[in-house]
Amino acid sequence: MQQTTARVRIPTEARQSEIVTAVLALTALRAPASITTGDIAGLMGLTQGAVFRHFPSKDAIWLAVMAHIENNLHAVLENAEHQAPTPWDGLHAVFLAHVRFVVAHPGVPRLIFSELQQPEDTPVKARVRSLLQRYRQLLLRLLSGVEARGQLGIGVDHGAAASLFIGTVQGLVMQSMLAGSCEFMEVEAERVFALYQRAIGACA
């Protein structure tokens with residue numbers, strides 16, 4: 001008597017997570033705008049129909065990917081902040097944590113930059129703004145702590161210092177993208193953060 005093997009049905013949440021992981025893997029190798037649902041399905045060994053059983057559209061997939069990035073990056077940064085003994089140490093830890101996140105997930109900055117270049121306002125672009133706003137609030141909290149300890153330069157604007165922090169990380173990311181490798185980022189990160197610290201810190 002011939003026996004048949006029952007197909008194991010994967011829960012929607014688990015399959016959605018796999019699809020998000022597949023997109024992140026693809027963005028590490030190519031421009032996000034060129035990735036199709038066929039590419040995603042092919043990497044996973046599925047049909048496009050199977051992908052669309054778990055997401056109603058490609059935009060919905062991209063929104064889920066961005067939500068995943070926001071939640072995971074913010075968790076990493078908050079963990080770095082909370083484990084640091086002082087606000088200055090917190091800024092340093094957050095800086096390095098962000099750099100290491102990019103090294104581990106090189107497709108993330110490509111996806112973020114790609115979305116920010118879109119002329120129209122979309123739910124995905126709104127999610128990118130949410131990520132940056134949460135990041136900025138974390139930095140402002142740390143900068144207030146640095147100032148409370150008398151370690152911030154006189155007259156240093158907190159908002160400008162937060163923008164400089166984010167822009168400095170983005171500069172390292174852009175250089176790594178031009179070089180085609182993220183490896184140098186961790187080496188440069190310490191030297192670059194030292195310059196940032198000197199720029200906004202109180203004179204000894």
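Student: Where does the charged end of Lys-58 sit?

Tutor: A charge sits over a ring if NZ of Lys or CZ of Arg is within 6 Å of the ring centre and within 35 degrees of the ring normal. Here, the end of Lys-58 sits over the ring of Trp-62, 5.1 Å from its centre. Keep in mind that this is a predicted model, where local features need pLDDT of at least 70, side-chain atom pairs count only at pLDDT 80 or more, and totals for chains, interfaces and linings use all residues. Residues are numbered from 1 along each chain as its sequence is written, and side-chain values use heavy atoms, leaving out hydrogens and water.

Student: How many aromatic pairs are there?

Tutor: A pair of aromatic rings is described by the distance of the centres and the angle of the planes. Rings of Phe, Tyr and Trp (its six-membered ring) pair if their centres lie within 6.5 Å; planes under 30 degrees apart are stacked, over 60 edge-to-face, and the rest tilted. That rule gives 5 pairs. One of them, Tyr-135 with Phe-165, is edge-to-face, at 6.3 Å centre to centre and 80° between the planes.

Student: Is Tyr-135 buried or exposed?

Tutor: Buried means under 20% relative accessible area, exposed over 50%, partly exposed in between (1.4 Å probe, protein chains only). Tyr-135 has 2%, so it is buried, and Phe-165 is buried too, at 0%.

Student: Which residues do the ring pairs link into a cluster?

Tutor: Phe-95, Tyr-135, Phe-165, Phe-193 and Tyr-196.
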